[in-house]
Each structure stands twice: as C-alpha cells, then as structure tokens.
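Visitor: I am new to reading protein structures, and I would like to go through this one slowly. Could you take my questions one at a time?

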Amino acid sequence: MSRVNNSGFYKIKFWITPEELDEIFELFNHQGALFVSTNHVQTPYDKQQVLQAYHRFYGYYAAAEKAADYFPHFVYSIVLTLDQDTAGFFVRNEGISFPYHEQWAVDELPCIMISLPKDIRIQAEGAEGADYTYEDIREHRPLAYQLYEELVSEIKTRTKLLRFLVPESGALSLQKPSVRISRKAAEHISSGWTFDKYKLVMHTK
C-alpha cells in the first residue's frame with residue numbers, strides 16, 4: 001500500500017555554456033556526487049566525462065552546420081551523499097518547440113533540465129505489515145533541497161529568460177518558453193544552424 005502526499009518535481013530549465021556548467025557543478029564537489037547513466041547498466045561517470053559529453057552536445061547546436069552523424073542526447077542521474085543520506089538529482093536535455101509555416105518546426109532548440117523529486121519514500125510497519133508513504137523531501141532531505149535552491153540561484157544569477165522571434169504570417173512572433181539562457185549561450189546558439197535555418201531572431205538581451 002502506498003500514499004502519495006507530495007508528488008512531482010522541482011525543476012529548472014536552462015541553456016548555458018560548458019564552462020558555465022562546470023562552474024555550476026562545483027556545488028557538487030563536496031557532496032560525493034556520482035554521475036550515472038540512466039540505462040539498465042547504470043554506468044558511472046566522473047564530472048569531467050560528463051562535461052566532455054555536454055561540450056559535444058552544446059557544440060551540436062552552436063555549430064554553423066548541422067552534424068549528420070550525431071544524435072543530441074544528455075541524460076544523467078546525479079547521486080549525492082548528504083549527512084549520511086542519499087539524494088538524487090536528474091539532469092537531461094529537452095527540446096524547445098516553435099512554430100514554422102503554421103506547424104511545428106521539425107527541429108527544436110535545446111535546453112537542459114535539472115530536477116529533484118518533491119517526495120521521498122518512507123517505509124514503516126503498519127497494522128497490516130510493511131507500509132510506506134511518500135513524504136516531503138524538504139522535511140526528510142533538507143540538505144538536498146537546500147542544494148537544489150543553491151543550484152537554482154546560481155543558474156538564475158547567470159541567465160535571463162529566453163526570448164526569440166519566429167517569422168510567422170509575414171510578421172515576427174515572440175516566443176516565451178520557460179527556459180533561462182546565459183548571455184554567452186545566447187550568442188553562440190543565435191549563430192548556430194537552427195537560427196539560420198528557420199530565420200529566428202534572438203530577443204534575449
């Protein structure tokens with residue numbers, strides 16, 4: 001039997017340079033962070049390997065021409081030990097859809113999402129035997145939630161909301177995704193193949 005009291009995720013979506021991501025990841029340096037792939041093998045990686053993968057992923061969108069031999073993919077679990085408790089973040093790429101010729105464009109703009117579950121499973125013995133509930137992570141893993149808040153603060157300090165213009169019906173339509181972007185990342189992606197192919201215009205200053 002289970003009871004879900006606090007479901008869902010805390011999450012933030014953003015797009016920053018590999019150098020900026022390296023600086024963000026410094027918050028994990030003293031937390032015993034382990035980066036793990038989400039496949040069935042759960043292959044472990046160190047931070048430098050993850051940053052190398054992000055560098056390639058980022059470069060795919062910053063390039064002047066679209067690479068034909070690379071499928072953009074950046075997904076990891078981040079397992080942390082905080083005061084003898086284990087907590088997990090999730091980092092993955094997501095696409096930003098936008099209209100093109102009165103339908104959705106075939107390609108998408110990139111962003112990264114870091115998320116933290118709002119709940120944690122708590123096991124207990126009930127009248128009918130083993131039982132468990134999902135409780136607020138802020139109460140049971142306060143250090144994990146505090147670290148998430150620090151990550152969000154660092155990301156927001158370095159970024160602004162992404163705004164870009166799309167040609168539509170002879171005019172420019174302003175797109176307002178719930179994604180933040182750094183100044184350098186905005187410069188790089190606006191010079192990349194996606195903006196050129198779809199005649200997009202960066203509006204984030």
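Guide: Helices α2 and α5 pack with their axes 7 Å apart, at an angle of about 50°; axes here are lines fitted to C-alpha atoms, for helices over the stretch in contact, and angles run from 0 to 180 degrees between N-to-C directions. This is a predicted model, in which local features need pLDDT of at least 70 and side-chain atom pairs count only at pLDDT 80 or more, while totals for chains, interfaces and linings use all residues. Residues are numbered from 1 along each chain as its sequence is written, and side-chain values use heavy atoms, with hydrogens and water left out.

Visitor: Which word describes how α2 and α5 lie to each other?

Guide: The angle between α2 and α5 is about 50°. Angles under 35 degrees count as roughly parallel, over 145 as roughly antiparallel, 65 to 115 as roughly perpendicular, and the rest as oblique. The two helices, α2 and α5, are therefore oblique.

Visitor: Which residues of α5 do Y58, Y61 and A62 in α2 meet?

Guide: Helices and strands are DSSP runs numbered from the N terminus, helices (H or I) having at least four residues and strands (E) at least two. Contact means heavy atoms within 4.5 Å. By that rule, Y58, Y61 and A62 in α2 meet K184, A185, H188 and I189.

Visitor: Within what arc do the buried residues of α1 fall?

Guide: Buried means under 20% relative accessible area, exposed over 50%, and partly exposed in between, with a 1.4 Å probe and protein chains only. In α1 (residues 18–25), P18, E20, L21, I24 and F25 are buried. Seen down the axis of α1, these residues line one face of the helix, because the directions from the axis to their C-beta atoms fall within an arc of 155°.

Visitor: With which side chain does the side chain of S182 make a polar contact?

Guide: S182 lies in strand β15 and counts as buried because its relative accessibility is 0%. A polar contact is a pair of N or O atoms within 3.5 Å; within protein, one must be able to donate a hydrogen and the other to accept it, and residues adjacent in sequence count only if both atoms are side-chain atoms. At 2.7 Å, the partner of the S182 side chain is that of E20.

Visitor: In β5, which residue is the bridge partner of L34?

Guide: Two strands pair if DSSP finds at least two bridges between them. Strands β3 and β5 (residues 75–82) pair in the antiparallel sense over 3 bridges. In β5, the bridge partner of L34 is V79.
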